[in-house]
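Student: I have a model open and would like to learn how to read it. Where do we begin?

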Amino acid sequence: MPSLRSRALSVALIAAGRRRRFGSAEAVRTRVAESARRPASHLPPRSLGRVAEVSRTFVGAWPVYDVSPRGGEAAARVLYVHGGAYVGELVRPHWSLIRTLVARAGARVVVPAYILAPRGTADRTVPVAADLLSGLIASGGAGGAVLVGDSAGAGLALAAAQRLRDRTGAQPSRIVLISPWLDVSVSHPDQAAIEADDPMLARAGLREAGRLYAGNLPADDPRVSPLHGSFAGLAPLTVFTGTRDLLTTDSRELLRRARAEGVEVEFHEEPGLPHAYPLLPVPEGRAARDRIVELISAAAAEV
């Protein structure tokens with residue numbers, strides 16, 4: 001049974017019309033057009049500077065933030081890839097999670113503000129993300145490297161890990177996927193029933209966002225939908241999902257396929273919780289964040 005706070009938040013999300021953003025293909029196209037006219041900011045909140053040193057560089061056209069503990073050496077290294085259906089920028093809940101990883105895990109967190117769809121398509125985006133992951137792993141230092149992504153960012157993170165494995169065999173210490181979107185076709189037969197209870201997502205809009213991200217690639221290309229790629233040789237996985245998330249089917253399929261290919265998977269499926277619940281201000285979200293901090297600390301201790 002979800003906590004009272006979680007149930008209240010889901011009711012509030014429905015009342016606020018959060019799902020309307022993905023209610024139709026037209027709604028997503030309108031959002032993309034508005035973003036093109038008036039791009040949203042991906043700048044970190046000023047309050048982050050109280051606990052972290054924040055700098056920004058560019059990798060090609062990508063702004064990349066480097067967030068490190070203030071006044072101390074980082075214990076671990078994290079590449080964090082944000083969600084937003086490939087059409088949304090970094091927002092406050094993402095930065096809140098980053099703050100937690102810096103302040104509580106003592107991590108240096110590398111945060112790419114990758115180019116959004118339709119300009120940023122999978123064929124262009126995945127190689128750059130793989131290069132960033134490769135660089136973070138090769139940078140060494142005191143701690144291990146952990147790859148973290150939420151929603152679409154988790155899909156991009158997994159595709160980058162698959163590409164890096166194919167190129168060099170290198171992997172981070174662990175991959176943490178929060179409510180991952182791993183198949184942009186949104187075609188699993190169980191998703192229709194889950195959608196009716198999902199307070200945040202709808203299939204029609206997600207399919208359009210996925211189409212924009214796919215560009216000229218088919219939806220089942222592993223760069224677009226890493227659920228269709230191979231899992232053999234990947235780092236151990238930790239996955240968080242909730243049963244009120246229509247994308248939970250992607251997580252369940254990931255669990256089945258990855259374990260069948262010999263990959264270690266730690267799997268958390270919370271009853272009654274919505275999409276990306278580890279980023280939400282609810283008790284279950286706090287517990288998930290605690291576990292992510294533990295995993296990053298453990299990766300640092302292994303080195």
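Tutor: With strand pairing. Two strands pair if DSSP finds at least two bridges between them. Keep in mind that this is a predicted model.

Student: Then which residue is the bridge partner of L147 in β6?

Tutor: I175 is that partner.

Student: How does the chain cross from β5 to β6?

Tutor: Through helix α5, residues 152-168. This β-α-β crossover is right-handed.

Student: Which strand do four bridges join to β6?

Tutor: Strand β7, residues 237-242. β6 and β7 run parallel. In β7, T238 stands opposite V176.

Student: How do I read the side chains of a strand?

Tutor: In a regular strand the side chains alternate between the two faces of the sheet. Now take β6. R174, V176 and I178 point one way, while I175 and L177 point the other way.

Student: Are the residues of β6 buried or exposed?

Tutor: Buried means under 20% relative accessible area. Five of the five residues of β6, 174-178, are buried, so the strand is largely enclosed by the rest of the structure.

Student: Let's turn to the backbone. Which residues have a positive phi although they are not glycine?

Tutor: Y86 is one of them, with phi near 65°. Y86 sits in the loop between β3 (76-81) and α3 (92-105). A276 is another, with phi near 60°. The loop of A276 runs between β8 (265-270) and α9 (283-302).

Student: Why do Y86 and A276 count as buried?

Tutor: Go back to the cut-off, under 20%. Y86 is buried because its relative accessible area is 2%. A276 is buried because its relative accessible area is 9%.

Student: What is the peptide bond from A117 to P118, cis or trans?

Tutor: Cis, with omega near 10°. P118 lies in the loop between β4 (107-112) and α4 (122-138).

Student: And how does one find empty space?

Tutor: Rolling a probe the size of a water molecule over the atoms shows where empty space is left. Here the largest pocket has a volume of about 980 Å³. It is lined by 45 residues, and R31, G84, V87, G88 and E89 are the closest to its centre.

Student: Which helix gives the largest share of the lining of that pocket?

Tutor: α2, with five residues. α1 (4-15), α2 (25-37) and α3 each supply at least two. By class, the lining has 28 nonpolar, nine polar and eight charged residues.

Key:
Residues are numbered from 1 along each chain as its sequence is written. This is a predicted model: local features need pLDDT of at least 70, side-chain atom pairs count only at pLDDT 80 or more; totals for chains, interfaces and linings use all residues. Side-chain values use heavy atoms; hydrogens and water are left out. Buried means under 20% relative accessible area, exposed over 50%, partly exposed in between (1.4 Å probe, protein chains only). A crossover is right-handed if, with the strands pointing away from the viewer, the path from the first strand over the helix to the second runs clockwise. On a 1 Å grid over the protein atoms alone, a cavity is a set of points where a 1.4 Å probe fits but cannot get out, and a pocket is an open set with protein on both sides within 12 Å along at least five of seven lines; lining residues have an atom within 4 Å of a point. Grid points are joined across faces, edges and corners, and a volume is the space filled by probe spheres set on the points. Ala, Val, Leu, Ile, Met, Phe, Trp, Tyr, Cys and Pro count as nonpolar, Asp, Glu, Lys and Arg as charged, and the others, Gly among them, as polar.
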